[in-house]
Amino acid sequence: MHLTKEEERIYNGECGWANQICMKILARLGELFNATKLIPIESAHVSGVSYKTLGDAPAEFLQTLADAHGKAKVKTTLNPQSFDTEYLGRKLPESLRKKQLNILKQFEKMGLTMSLTCTPYYLEKPKPDSHLAWAESSAVVYVNSVLGAWTNREGGPSALAAAIIGKTPDYGMHKAENRKPRILVDIKTTLQNETEFGALGIHLGKILEDKIPIIQGLNNISDEKLKQLAAALATTGMTNMFYYDYHQERGNIEKITVEAKDLKSTIEILSTTEKTLPDLIFIGCPHCSSNEIRRIARLMVNKKVKAGTQVWVCTSRYVKERVRDCIEKIEKSGGHVLTDVCTVVSWTKMLGINTIMTNSAKTAFYAPTLNNAETLLAPLKQCLKTALEG
Ligand code: F3S
């Protein structure tokens with residue numbers, strides 16, 4: 001891979017150890033994927049923030065990088081951590097909280113924005129055709145497919161290295177020829193709600209490998225439903241984008257169909273319990289938009305969450321600030337609107353949560369392993385009906 005004179009100086013350690021190690025990570029990555037150069041990025045988004053998923057060794061690396069004066073050169077947002085300060089933070093052991101807060105301190109020292117959300121595109125929408133280095137697979141697929149930005153699916157370390165250098169290797173989704181559709185998915189049923197969009201993503205992720213699909217026949221589309229599709233597609237597969245509104249010449253490409261029974265069986269497989277009142281009803285994977293919060297408030301206003309369960313609605317601080325009136329309604333009904341965190345990256349077992357009901361196919365897929373919990377997957381309306389009526 002060709003490095004400019006300036007990049008070579010960084011690579012040789014003339015600009016300090018932190019910059020050198022980051023340049024080495026990017027150069028190695030570029031070599032692996034046959035990139036010929038580095039290209040500037042407009043922003044980075046770093047995952048691997050929760051101490052629960054990160055562990056001690058990566059946390060020590062972050063500290064070393066921050067101590068060596070690693071500093072982000074471009075706007076860089078952060079994924080959720082393992083608790084929020086107001087609710088879960090009070091319930092978890094001090095030792096875990098300390099470890100988590102130390103991780104955040106290192107990121108802050110490196111100049112990252114304490115966004116702590118997996119939907120950073122609600123804070124600032126990336127421009128179409130802008131090059132990014134984002135980790136968090138749900139956000140990667142969403143911004144490539146819905147917002148028209150260009151990013152590979154970075155890992156936490158490569159996104160951080162790109163943030164510190166301000167560049168990323170030019171390969172994969174940064175090249176127009178790799179963004180062409182290679183398969184046509186014909187939807188032979190009418191998708192009714194966000195959970196079915198998620199189920200579609202889980203189903204397709206398993207069969208597409210890394211092929212970019214044109215998904216034809218989607219109706220009742222909204223940004224929030226596409227967000228569920230993006231998150232789920234990235235959960236089971238390596239596809240980094242999809243087309244849902246494609247009008248160019250597509251040539252002679254492979255074709256598959258999806259029928260109602262495919263979605264039904266996916267939802268059934270992702271629901272592992274028959275328990276009628278789950279310990280937790282979780283909405284907000286990926287983190288809720290203002291529209292979703294408004295809808296939840298409308299469904300919960302003047303009602304009360306049943307004893308024996310709890311409702312968590314996860315979003316970013318940014319969104320929460322903008323829909324204060326709705327937050328009040330949800331909290332008055334007994335729901336908890338949590339920022340900075342999500343169920344999957346928190347210690348739910350430690351909080352006595354063994355069954356989780358959610359409208360998110362991604363959470364339903366991960367919860368049995370990452371939360372050691374049984375799951376129920378159902379649309380938002382049904383989740384809240386369960387919470388309010390049992
Ligand atoms: Fe976000 Fe957690 Fe889901 S990070 S995409 S809410 S698993």
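Residues are numbered from 1 along each chain as its sequence is written, and side-chain values use heavy atoms, with hydrogens and water left out. Because the model is predicted, local features need pLDDT of at least 70 and side-chain atom pairs count only at pLDDT 80 or more, whereas totals for chains, interfaces and linings use all residues.

The chain is assigned domain 1 (5-176), domain 2 (180-268) and domain 3 (271-389), with bounds that come from an automatic or database domain assignment. Between the C-alpha centres of domain 2 and domain 3 the distance is 25 Å. Contact (heavy atoms within 4.5 Å) involves 15 residues of domain 2 and 19 residues of domain 3. The two domains bury about 1300 Å² between them, and carbon and sulfur atoms account for 53% of it; buried area here is the accessible area (1.4 Å probe) that two parts lose on being put together, summed over both. On the domain 2 side, the most area is lost to domain 3 by E224, K227 and T235, which together make up 34% of what that side buries.

One salt bridge is found across the interface of domain 2 and domain 3, a salt bridge being a side-chain nitrogen of Lys or Arg within 4 Å of a carboxyl oxygen of Asp or Glu. K227 and E292 form a salt bridge through their side chains, with an N to O distance of 2.6 Å. Ten residue pairs across the interface of domain 2 and domain 3 are in polar contact, both residues at pLDDT 80 or more. A polar contact is a pair of N or O atoms within 3.5 Å; within protein, one must be able to donate a hydrogen and the other to accept it, and residues adjacent in sequence count only if both atoms are side-chain atoms. Helix 8 (194-208), helix 9 (223-236) and helix 10 (260-270) each supply at least two residues of the side of domain 2 that touches domain 3. Helices (H or I, at least four residues) and strands (E, at least two) are DSSP runs, numbered from the N terminus. Helix 9 gives the most to this side of domain 2, with seven residues.

In total, 24 salt bridges are counted. In one of them, K109 and D67 pair at 2.9 Å, N to O. K109 lies in helix 5 (residues 94-109) and D67 in helix 4 (residues 56-67), so this pair ties together parts that are 42 residues apart in sequence. Relative accessibility is 35% for K109, which is partly exposed, and 42% for D67, also partly exposed; buried means under 20% relative accessible area, exposed over 50%, and partly exposed in between (1.4 Å probe, protein chains only). R9 and E14 form a salt bridge with their closest N and O atoms 3.1 Å apart. R9 is partly exposed at 36%, whereas E14 is exposed at 53%. K261 and E259 also form a salt bridge, at 4.0 Å between the closest N and O atoms. K261 is exposed, at 55%, and E259 is partly exposed, at 35%.

D170 is located in the loop between strand 6 (167-169) and strand 7 (183-187). With a relative accessible area of 7%, D170 is buried. Its side chain is in polar contact with the side chain of K175 at 3.3 Å. Apart from neighbours within four places in sequence, the residues in contact with D170 are A35, T36, K37, I39 and K175.
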